[in-house]
Amino acid sequence: MSEEPAQQEQGNVENVDGEASAAPKPGDSASSPSPEKSEDTPKAKSKEKSSKKKRAGASGDVVMLNGHVDIYVGKPLPKYDVGEVKAYAASNVKGGGNCFALVCEPYLVPRVKASEVYPAFVNSSLPTLVSRGSVFWPPAGEERYVMVYKDILGNKMIKHGATQAMGWKQEQVLEVLVKPMVGILQDFRDKDFVHGSIMASNMYDGGAGASISKILLGDGLSTPCSYNQPAVYQTIERGMASPLGRDIPTAADDLYALGVSIAVFMRVHDPMEALEDEQMIRQKMELGSYGAVTGKDRFKGSILELLRGLLHDDPLQRWTIDETLVWLDGSRLSPKQATRVKKAPRPLIYNDKKYFYLPFFAMDMHQNPPELTRVVESEELEQWLSRAFEDDEAVERLENGVREASQGGKGSNYNDALVANVSMALDLNAPLRYKDLRVTAGGFGDALVNAVVQKRDINPFVEALSSSMMMNLVAFSANPNLDKGALLSKLEDCRNYLRQTKVGYGIERCIYMLAPEAHCLSDKLSKYHVRSPEDMLLAFENLCEKGQAPALFLDRHSIAFLSIKDSKSVDSFLYDLGSPEEYKRVLGNLKSFAVIQQRAKMAPLHATAQAFMKMLPCVFERYHDQKIREKLTKNIERFAKDGDLAKMAGLLDNEDVINRDFDGFKSAMIEYQSLKKEGELIAKRLEDQDSFGKETGKEFAAIISSVVAGVIILGVSFMFLTGQSIF
């Protein structure tokens, strides 16, 4: 989302007597970037009220989104479902017309940033994105992110799971499918946008039925990119990863998926109908994508060139959108034949199977990790690489991988770490294969979010990040589109975060760094879809209004979320937030919220302020002067009634008040110590009651007698010197 600078206003903070003073504000900063602007990020007072209404206003079977879209909870539209994301009927109150809403799942990160670009496309083969944002979804009892499209799609061309073969003629495919889709991809190229869900089961007839003249393309925003695409639509390298672990797609991946879609519309038989995803990838490796996708069908004419160009397995040889446009204009190109995977002249025996191909062996290593350890330590694998493939670079990568796997010792995770490192060393296109993980560097974050939301074990993710496995994955990768420098830097940062136990760091910070579009995963906010600091405050305000205020607002997840989204709202208070002292944690929460409310110019947060009032006794107790404490409490209560967290925090952080209280306390302590010593002395003397007062009396008598003697001596001396007589 775009950010724009906003000058922070210099407001006065009232002192303990309720008078204005120039006390510093929390998050002291002259200027700072304003939070994200989007439909789902309320900032002004009116937007804040709208958001409250949105959360509480779901009545009956209708939920309103952004004040102008009605979503009908009781009217599902299964034909528009996107996998696990379900569709419902909707209507645009302002613009009119039927719509459909896709209600996103919390464990699947929607493509919110891409949804900001999507409305720029004006293409009759794409449904218009009417609105997007968070709403309270009654069936789930929590907030969900929703994408609302204009309902122009009609019926699916082919159902997901049905036989992927339609037997269309070449001319019909060219007019109805190729030309509209290439036009869409050209628009995408101009905006640097990737759809990620191009497949026959996501294409619609526009309601035309048998007289269809063009195909419409469905949603690509409600789930992580390419999550719902079957393995047949994935390139070899992307297909090896799990659906959530796939790398960030490129325009070349969209073109590849278009090539598969063309083959599906034209072919009569589906050669992969009975195959599992892994078997499909093996077929592509062995036969090449074109041969695996087309099977027994034989295509003639110019469309054959298009298919070979789009389905080329070498990303550097695969046709671009420009080459496809040239072909559409009538020019004939000759795509190179796909290179086959190199086959060894003699096999490697592993797990009682014969392996002639490195990628196949790398794919099966996980089936028997102890056996891999034996093959590696006996040097059978190294000899096979040297003699059968004569690949010195692979041997060197293998040695590095074995060394990296043994860095943590040969404990319980050694075999799994060896599988991961050796697999990456032998197949440069492979994802990370560690325990149950099958992820790429670009898909790691979304897969981690999914595991956290669904309460699965995240230790494999932590182990992969804290070791060198993810770094090796990037370093070994043969993907020409991968920005290795940026990824290695980000992964190194995550390794450092994992070594730190203080709040704001750890695996929580890694989540929001590697999955920047993820909502806040704090358990305290599990019923809300929080995407910005302002959303967080509004969610807590809603909880407080319901009487469900937590004992303390911010936890490790919410602190890490704020630190990544808007570091100036929380980083200055990390020490307080992680302090073992309760009053410091309470002040840290209040100061952080105050900065967000003030910088975003949010409306009063009455319920949150009252919740803070119940937390503040531990802070008030830190003030020693009873009068100051009473005046402080009185003014804080007044600010709390106004819902002004900034003034509450400013008063509690007022150095003049703190110094005045401390100086008075210091003077009182000095006086107390003096009186204490005097009391101790008296008490010591009282221990001997028989002699108590006698010594003092003697001292006073001696002094008095000395004074009297002195006076007499002076008088006598004076009279002697003056010659006067006393008589």
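Helices are DSSP runs of H or I with at least four residues, strands are runs of E with at least two, and both are numbered from the N terminus.

A word on the source. This is a predicted model, where local features need pLDDT of at least 70 and side-chain atom pairs count only at pLDDT 80 or more, while totals for chains, interfaces and linings use all residues. Residues are numbered from 1 along each chain as its sequence is written, and side-chain values use heavy atoms, with hydrogens and water left out.

Now the overall picture. The protein chain has 29 helices and 16 strands. It holds 727 residues, and 51% of them are buried. Next, contacts, meaning heavy atoms within 4.5 Å. Take the contacts with a separation of 6 or more: 66% of them come from residues 24 or more positions apart. The accessible surface is about 33600 Å², and carbon and sulfur atoms own 51% of that. Those areas come from the Shrake-Rupley method with a 1.4 Å probe; for residues, only the protein chains shown count as cover.

Asp352 is not a glycine, yet its phi is near 65 degrees. Asp352 sits in the loop between β13 and β14 (353-355). Its relative accessibility is 79%, so Asp352 counts as exposed. Glu390, also not a glycine, has phi near 50 degrees. Find Glu390 in the loop between α12 and α13. Glu390 is exposed too, at 65% relative accessible area.

Asn368 is partly exposed, with a relative accessible area of 22%. Leaving out residues up to four places away in sequence, Asn368 touches Tyr350 and Asn351. Asn368 and Asn415 are 47 residues apart in sequence, and their C-alpha atoms are 9.1 Å apart.

Another asparagine: Asn472, in helix α17 (residues 469-476). Is Asn472 buried or exposed? Its relative accessibility is 11%, so Asn472 counts as buried. Beyond residues up to four places away in sequence, Asn472 touches Glu404, Asn421 and Met424.

On to the aromatics. A pair of rings is described by the distance of the centres and the angle of the planes. Rings of Phe, Tyr and Trp (its six-membered ring) pair if their centres lie within 6.5 Å; planes under 30 degrees apart are stacked, over 60 edge-to-face, and the rest tilted. How many aromatic pairs does a search of the whole structure find? It finds 25. One of them is Tyr118 with Phe193: tilted, 6.2 Å centre to centre, 55 degrees between the planes. This pair links distant parts of the chain, 75 residues apart. Tyr118 is in the loop between α2 (112-117) and β9 (129-137), and Phe193 is in the loop between α3 (170-190) and β11 (203-204). Both residues are buried.

Next pair: Phe593 and Phe612, edge-to-face, 5.9 Å centre to centre, with 85 degrees between the planes. Phe593 lies in helix α23 (residues 582-599) and Phe612 in helix α24 (residues 606-615), so the pair ties together parts 19 residues apart in sequence. Phe593 and Phe612 are buried.

Tyr80, Phe100, Tyr118, Phe121, Tyr149, Phe188, Phe193 and Tyr204 form one aromatic cluster.

Last stop: Phe265, in helix α5 (residues 251-266). Its relative accessibility is 0%, so Phe265 counts as buried. Phe265 and Trp168 are 97 residues apart in sequence, but 5.7 Å apart in space, C-alpha to C-alpha. Setting aside residues up to four places away in sequence, Phe265 touches several residues, including Met157, Met166, Trp168, Leu177 and Ile215.

Definitions and conventions:
Buried means under 20% relative accessible area, exposed over 50%, partly exposed in between (1.4 Å probe, protein chains only).
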